[in-house]
Amino acid sequence: MIRKIKYESIDFEKYNHCIAQSCQRKFYAERSFLDISTGKNWEILVYGDYEAVMPIPLILKLGVKVVINPKLCQQLGIFSKQDSKVLNDNFLDFFRKYYKIWYYAFNDVNQFSKPLKQRNNFLIFPEPYDLVRQRYSPKRKRKLRLDQEVIDNSEMIKNPDLPAIQAFIRKTGLGAGEKDLEDFIRLLSDFNTAGFLDFYGFYYHHQLINLIAVYHNDYTLALLGTNNDREYVKLSGSSYLIDKVIADNIADKIFDFEGSEVPAVEEFFRGFRPALKPYSCIQYSKKELLRQIFVKFFR
């Protein structure tokens, strides 16, 4: 039997155990990630005695609770020891019946009897770095061969001064609205302060020109942000930073690129020759969401 449990009533010992033992294990579903990314505005669906769980992030829209994955949270879904289409279908039916859904992404292991919209993600799984590096595209390998002048006048700095990082993201955060950009900066800063995220800066002649933000736990690294000074894009500092993080960690941790709907960004990720791992999602337009909300009021 599936039931809804609000945040304050969750048995987090059982919840954490279910996530840790699940075949779909993802850091996005861990309490530490969701508490920060949602501001503790989430609840769960539970099957049995926490044999399977489904975290549900919530926001208020016109006074109604609406489901939407929070910023930086790519995948959630159903977590259990064995992935079951029958069980997943039951969760999906319950979910659609009792929630107003704007956007919700399941994880790449969840399977359903009926097709859902698919999005792409890219992962590199743990193995010796030499084998990973061998698979890089010829173009990516060329980009990683820095000129001697760049080598002599550049350095990578882990976790530089936070105000400087925030200023750089504001300067280079092209295409994002002011509110979204500030929310993004706040979340990255909160994860960094809590000890879950590291910033890596590429400095050329003592000037920050590339920055990546990498979330980490004991089994995964995730690329949550990449910012570049457009004047120095040809120096390939971001490629250097990502490769360095992969080299230092890929022996025992997954590297998660977090995917992208932007073709140029997807092409950049593919240059590292990661594995393609599609995942399912439910997505409605604002107009369709408003229809769901008004049905509640006029039912």
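**The sheet and its helices**

Reply: E155 stands opposite Y203 in strand 10. The model is predicted, so local features are given only at pLDDT of at least 70 and side-chain atom pairs only at pLDDT 80 or more, while totals for chains, interfaces and linings use all residues. Residues are numbered from 1 along each chain as its sequence is written, and side-chain values use heavy atoms, with hydrogens and water left out. Helices (H or I, at least four residues) and strands (E, at least two) are DSSP runs, numbered from the N terminus.

Strand 10 covers residues 197–204 and pairs with strand 9 in the antiparallel sense, over five bridges. Two strands count as paired if DSSP finds at least two bridges between them. In general, strands of a sheet pair through backbone hydrogen bonds, either parallel or antiparallel.

This pair belongs to an open sheet of seven strands, in the order 9-10-11-12-13-8-14, whose pairing is mixed.

Helix 8 (residues 178–193) lies across strand 10, strand 11 (207–216) and strand 12 (220–228), at about 110 degrees to strand 10. Helix 9 (residues 237–249) lies across strands 8, 9, 10, 11, 12 and 13, at about 35 degrees to strand 11. Axes are lines fitted to C-alpha atoms, for helices over the stretch in contact, and angles run from 0 to 180 degrees between N-to-C directions.

Helix 8 also packs with helix 2 (residues 31–38), at an angle of about 145 degrees and with the axes 10 Å apart. The contact (heavy atoms within 4.5 Å) is made by S32, F33, I36 and S37 of helix 2 and L187, D190 and F191 of helix 8.

C281 is buried, at 2% relative accessibility; buried means under 20% relative accessible area, exposed over 50%, and partly exposed in between (1.4 Å probe, protein chains only).

As for confidence, pLDDT is the predictor's confidence in each residue, from 0 to 100. The chain has a mean of 91, and 96% of its residues reach 70 or more. Confidence is lowest in helix 11 (residues 286–298), at a mean of 64. Where pLDDT is low, the predicted coordinates should not be read in detail.
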